[in-house]
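Please keep the sequence and the structure in view while reading.

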Amino acid sequence: MTVPPPHPRAPAFASRRSLLAGTAALAAGAALPGLLPLPAHAEDAAAYPARPVRLLVGYSAGGAVDAVARSLGQALAASLGQPFVVDNRPGAGSNIAVKAAIDAPADGYTLMVAANALAANMALYQPAPFDAERDLAAISLIGRVPVVIAANTQAPYASIGQLIAQAKARPRAIAFASPGNGSTPHMAVEFFERAAGIELQHVPYRGGAQALTDVLGGQVPLIAVNALEALPHARSGKLKVLAVLSPGRSAVLPDVPTIAESGFPGFEASVWYGLVAPAGTPQPIVDRLHAEVQKALQTPGVRERMAQVGGEVLPGSRDAFVRLIHSERQRYEKLVREARIQPD
């Protein structure tokens, strides 16, 4: 008979006889599952979390990702009984935070609220700084906020159709601002240009606030930015939102047509948010976190906060999130290669 290898918790000096005796005892008690010890991972999941959990965010406090992370953290803290503390690690297009997540112990006590950059940066930065599909465990999608294309009040177009007509008449003559090279809004417009058959002139900034300042001041006619950053200026009448790049109309911009309504059915460019953990995090903990996130997405607090930043929650399976990361990675790889996009 082959003797099973010692359990990782068994003393190193355990004898063959004691191991055989333990095996026999387990076999004898197989009909009494209540007497058997739980597997180590099951014990961990049952007790999890036993201390505060860190939520990494690759962007500064006050932005959309930070707001989503704090709202989700509050909901998880209420249901799991431990604080979920947001740790902002901005820089390198969120790569600093991703690296911190990858290097953290795989015990469920360091998580990250990630966005599209998780998929895009594997193509933008060479050599690739990480492999999200290998180095991280996808837990759950959280939600999405649409990218919007907006113009200042002096711009001579009030719709996507008018913009396209002028852009076709004057290729690369119309400029648009974005929060930076390789940012999600920049990539969204690159996708849109290909769909519409037009060429615009990209003017990258270091952040959405700086880009908005110049667009509102008339230095640049157009901007691509997430709905949260455009919202106050749209409400004040200082910015004309031409379209939201989402499948349905935005709850905070209900009068603005979608890009599909503007003649591009099936086109979408949103900022999505999801929760990830270091690869190797015990599966029972990943499963429990997924279940808790799904519950949190149904709470009024999380749904209302997501609506306030211009988006919507996205409940769904872990497999759906895994597939999204993979498909987004492929989509961004193709775009970066064809458009020769370089990060800031």
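Glutamate 328 is buried, with a relative accessibility of 7%, where buried means under 20% relative accessible area, exposed means over 50% and partly exposed lies in between, computed with a 1.4 Å probe on protein chains only. Its salt-bridge partner is arginine 331, and the closest N and O atoms of the two are 3.0 Å apart; a salt bridge here is a side-chain nitrogen of Lys or Arg within 4 Å of a carboxyl oxygen of Asp or Glu. Arginine 331, at 30% relative accessibility, counts as partly exposed. Both residues belong to helix α13 (residues 318-339), where they are three residues apart, or about one turn of the helix. Helices are DSSP runs of H or I with at least four residues and strands are runs of E with at least two, numbered from the N terminus. Separately, salt bridges that share partners connect Asp131, Glu133, Arg329 and Glu333 in one network.

This is a predicted model, in which local features need pLDDT of at least 70 and side-chain atom pairs count only at pLDDT 80 or more, while totals for chains, interfaces and linings use all residues. Residues are numbered from 1 along each chain as its sequence is written, and side-chain values use heavy atoms, with hydrogens and water left out.

**Salt bridges elsewhere**

Over the whole structure, the search finds 17 salt bridges. In one of them, the side chains of aspartate 87 and arginine 54 meet at 3.3 Å, N to O. Because aspartate 87 lies in strand β2 and arginine 54 in strand β1, this pair ties together parts that are 33 residues apart in sequence. Aspartate 87 counts as buried at 19% relative accessibility, whereas arginine 54, at 25%, counts as partly exposed.

Another salt bridge joins the side chains of arginine 249 and glutamate 261, at 3.0 Å from N to O. These two residues, 12 apart, both sit in the loop between β8 (239-244) and β9 (270-278). Arginine 249 is partly exposed, with a relative accessible area of 43%, and glutamate 261 is likewise partly exposed, at 49% relative accessibility.

**An enclosed helix**

How many of the eight residues of α5 are buried? Eight of the eight are, so this helix is largely enclosed by the rest of the structure. Among the buried residues of α5 are Ala117, Asn121, Met122 and Leu124.

**Backbone exceptions**

Most residues other than glycine have a negative phi, and most peptide bonds are trans. The table lists the exceptions described here.

| Site | Feature | Value |
|---|---|---|
| tyrosine 48 to proline 49 | cis peptide bond | omega near -10 degrees |
| glutamine 126 to proline 127 | cis peptide bond | omega about 0 degrees |
| alanine 92 | positive phi | about 55 degrees |
| arginine 172 | positive phi | about 65 degrees |

Proline 49 lies in the loop between α2 (40-47) and β1 (53-57), and proline 127 is in the loop between α5 (117-124) and α6 (132-135). Alanine 92 is found in the loop between β2 (84-88) and α4 (95-103), where, at 41% relative accessibility, alanine 92 counts as partly exposed. Arginine 172 occupies the loop between α7 (160-169) and β5 (175-178), and arginine 172 also counts as partly exposed, at 43% relative accessibility.
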